[in-house]
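Colleague: Let us go through this model together. I will ask, you answer.

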Amino acid sequence: MNFPHETKYLRFEEVPPQKGRKTLVIVVRNIRSGVSLGTISWYGSWRSYVFFPGAQTVFSSDCLADIQACITALMAERKESR
């Protein structure tokens, strides 16, 4: 998946890599307001990318499906690069 990536309601933006970090961090923003809704990043305990929602955020099923699709694409890219 190329970043930034947009869906109907969300924008996915890659955070510049930090020194020593091997995995991506993606900020999920509302397209209309630009407000950060949370981040997608690697969760070592589960060996998977996961979504960390911001405080007091709410999501429709369409938004959750878009977030899930992004995580699925990140995991597929990770498996291909091995």
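**Sheet, helix and pockets**

Modeller: An open sheet of five strands runs in the order β1-β2-β3-β4-β5, with antiparallel pairing. Strands are DSSP runs of E, at least two residues, and helices runs of H or I, at least four, both numbered from the N terminus. Two strands pair if DSSP finds at least two bridges between them. This is a predicted model: local features need pLDDT of at least 70, side-chain atom pairs count only at pLDDT 80 or more, and totals for chains, interfaces and linings use all residues. Residues are numbered from 1 along each chain as its sequence is written, and side-chain values use heavy atoms, without hydrogens and water.

Colleague: Which residue in β5 is the bridge partner of Gly 38?

Modeller: β4 covers residues 36-43 and pairs with β5 in the antiparallel sense over six bridges. In β5, the partner of Gly 38 is Pro 53.

Colleague: At what angle does α1 run to β5?

Modeller: Helix α1 (residues 61-80) lies across β2 (10-14), β3 (25-30), β4 and β5. Axes are lines fitted to C-alpha atoms, for helices over the stretch in contact (heavy atoms within 4.5 Å). Angles run from 0 to 180 degrees between N-to-C directions. For α1 and β5 the angle is about 150°.

Colleague: Which element gives the largest share of the lining of the second largest pocket?

Modeller: That lining includes Leu 74, Glu 77 and Arg 78. The largest share is three residues, and it comes from α1.

Terms used:
1 Å grid on protein atoms, 1.4 Å probe; cavity = no way out; pocket = protein on both sides within 12 Å on 5 of 7 lines; lining within 4 Å.
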